Amino acid sequence: MKHSILFTLCLVIGLPACKDKKAESETEAAEDTSAAKQGSEDKAAEPAPAAAPAPVTAGAPNPPLAGIFDHLPKATELVISLNVGALTSSPVWSKVGAAALAAGGGKLSEVAKACGFDPITSLKSMYIGIDPEGNEPALIVEGFPRKPLLKCIEVMAKQEKESVTVEDEGNFSVIRGKEESQTLAWINDETLLMVTDQADKEYLQARLDKKDGLSTNATFTVMADRATRTAPVWFAGAFAK
């Protein structure tokens, strides 16, 4: 399987993109049937009056970029942030998110059963940083305990009939497959950093040390301060001309 290590990580993290084609087509068919049924019901029903908009209240102040975001390099031009805990408790999640995850529920159930933890309830936050200077996107994941996650990767790889070994030492865990490897850098025992394509340990150590971190990018800081960084999902970009 191409990029088997990243695929295994994807299964463990529980991204909806891991769903198989069969589940996707079944979901689309169910959505089409539901939409047709809803359409005929709407024709028979009188339109309900629009609900009054919720009052606008002042939000909490933005957290400093010098925290978790300084593990992303200064050259980052786009950040996407997902506060999974806040997202799964929001009204939007009950309408959209739960249905999206249900499409990949088979794989998520496999992970929970094989590894002993639910990847969705364990996951706290995800941050994606896009760096245009030749490095692949960086991913920071908060919430997965180090040892159970590494054990889970081995278990899931075995279920996928992939040959994977895990070398865990110091700040790094190296996951080796037959023809490829992936290094995870640990910010702490429940927060990992990885680059979607392989990055050497020197680069990853610089990110752990927050060397030339994102908060030193004045242009990006201005753009990020315009975003509501306490929201469940937000993004900010400052693209070079």
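In this tour a residue counts as buried under 20% relative accessible area, as exposed over 50%, and as partly exposed in between, using a 1.4 Å probe and protein chains only. The model is predicted, and local features need pLDDT of at least 70, side-chain atom pairs count only at pLDDT 80 or more, and totals for chains, interfaces and linings use all residues. Residues are numbered from 1 along each chain as its sequence is written, and side-chain values use heavy atoms, with hydrogens and water left out.

Begin by selecting Lys 151, which is found in helix α7 (residues 146-159); helices (H or I, at least four residues) and strands (E, at least two) are DSSP runs, numbered from the N terminus. Lys 151 counts as exposed because its relative accessibility is 53%.

Next, display the open sheet of eight strands, whose order is β4-β5-β6-β7-β3-β2-β1-β8, with antiparallel pairing; two strands pair if DSSP finds at least two bridges between them. At the edges stand β4 (165-169) and β8 (233-237), each with a single partner strand, so one side of each is left without a neighbour in the sheet. From one strand to the next the twist averages 15 degrees, where axes are lines fitted to C-alpha atoms, for helices over the stretch in contact, and angles run from 0 to 180 degrees between N-to-C directions.

Now select strands β5 (residues 172-176) and β6 (residues 181-188), which run antiparallel and are joined by five bridges, with a hairpin of four residues leading from β5 to β6. Within this pair, Val 174 has Thr 183 in β6 as its bridge partner. Moving on to β7 (residues 191-195), which runs antiparallel to β6, you will find three bridges between them and a hairpin of two residues, while Ala 185 has Leu 193 in β7 as its bridge partner.

What covers helix α8? Among the elements that cover its buried residues are β5, β6 and β7, where contact means heavy atoms within 4.5 Å. In α8 (residues 201-208), the buried residues include Tyr 203, Leu 204 and Leu 208, and after the helix comes Lys 210, whose phi is positive, near 60 degrees.

Finally, select β1 (residues 78-83) and β2 (residues 125-130), an antiparallel pair joined by six bridges, in which Val 79 stands opposite Gly 129 in β2. Helix α9 (residues 218-225) lies across β1 and β8, running at about 145 degrees to β8.
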